Amino acid sequence: ESLGLIKMETNLPMKLNVRVSKCTEMKPRTLIGECYVIWEGLKLASITLRAILQTPLISFPKLLQTSICQTPLLKLPVHINKRNLIPLRIKNDSHFPITLDLELYHPELEEQEERVILAASVTVLAPNGLNIVNLIVKNFTGAKEIRRVLIAKVKNSSLFYSVPLVFECFN
C-alpha cells in the first residue's frame, strides 16, 4: 500500500538528535526513551531508545595543588638559553578513545625570545592509557618563570579541560 507519496516498503534515512540536560555527574548514565514516527497524524512506529552516556575523563598525573591560589597546576623544569623538549603526560581515564585539540593560551603578547610550542596540536588518547604530548620550550630571555594555560578541547563535544602550566627556569 502507499501512504501519501511514500510507499510503506520504502526505507527512509533519518537522523535523530537527542539533547540531554547538563550532566554534573561524571559516572556513566543510561538514557532510556521512546521515539514515535508519525505521518499526517498516523502513528506508524514506536522505537525504543537506550543509550549509555559517558563523559570523557582525562587527568594529568603530575598535577600539584598549590597553597597560594588553591588551583592545581603543573610545574615543569626548563633550562635557560636552551631548546627544551618537555614530555607532558595526559591520562585517559575513560573506557573509550578521546581525540583532543590542544592549544596554549597566554593572555599577554609573547616575547620573541621566549616561546612555548606544542609538538602536536591534535592527539588521540588510547582508552585507560597514559599518553605523552611534547612541549618545546625556548627561553633566551633569562626569565625565571614562564606561565601558560593548556586548553584541551574534546573533539565533537563542547567539553574542554584547562591546566595552568608553570615552567621554572634554571641554568
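Proline 72 is found in strand β7, which spans residues 72–79; strands, like helices, are DSSP runs numbered from the N terminus (E, at least two residues, for strands; H or I, at least four, for helices). At 31% relative accessibility, proline 72 counts as partly exposed, a class that lies between buried, under 20% relative accessible area, and exposed, over 50% (1.4 Å probe, protein chains only). Proline 72 and phenylalanine 60 are twelve residues apart in sequence, and their C-alpha atoms are 10.0 Å apart in space. The model is predicted, so local features need pLDDT of at least 70 and side-chain atom pairs count only at pLDDT 80 or more, while totals for chains, interfaces and linings use all residues. Residues are numbered from 1 along each chain as its sequence is written, and side-chain values use heavy atoms, with hydrogens and water left out.

**Salt bridges**

- The search of the whole structure finds five salt bridges, each defined as a side-chain nitrogen of Lys or Arg within 4 Å of a carboxyl oxygen of Asp or Glu.
- One of them joins lysine 91 to aspartate 93, with the closest N and O atoms 3.0 Å apart; lysine 91 is partly exposed at a relative accessible area of 31%, and aspartate 93 is partly exposed at 29%.
- Lysine 155 and aspartate 101 meet through their side chains in a salt bridge of 3.7 Å, N to O. This pair links distant parts of the chain, 54 residues apart, with lysine 155 in the loop between β13 (145–154) and β14 (160–170) and aspartate 101 in strand β9 (residues 98–105).
- Lysine 155 has a relative accessible area of 40% and is partly exposed, and aspartate 101, at 26%, also counts as partly exposed.
- A further salt bridge brings together the side chains of lysine 153 and glutamate 103 (3.4 Å, N to O). Because lysine 153 lies in strand β13 and glutamate 103 in strand β9, the pair ties together parts that are 50 residues apart in sequence.
- Lysine 153 is partly exposed at 38% relative accessibility, and glutamate 103 is partly exposed at 36%.

**Nonpolar core and buried contacts**

- The largest nonpolar core has 27 residues, of which Ile58, Leu100, Leu135, Leu165 and Phe167 touch the most other members; such a core is a set of buried Ala, Val, Leu, Ile, Met, Phe, Trp, Tyr and Cys residues joined through side-chain atoms within 4.5 Å.
- Two or more residues of this core come from each of β7, β8 (83–92), β9, β10 (114–118), β12 (130–139), β13 and β14, and the largest share, five residues, is that of β14.
- Leucine 165 is in contact (heavy atoms within 4.5 Å) with Leu74, Leu76, Leu104, Leu135, Ile146, Arg147, Arg148 and Leu150, leaving aside its neighbours within four places in sequence.
- Threonine 123 lies in strand β11, residues 122–125, and counts as buried at 14% relative accessibility. Not counting residues up to four places away in sequence, threonine 123 touches Ile98, Thr99, Leu100, Leu102 and Val133.
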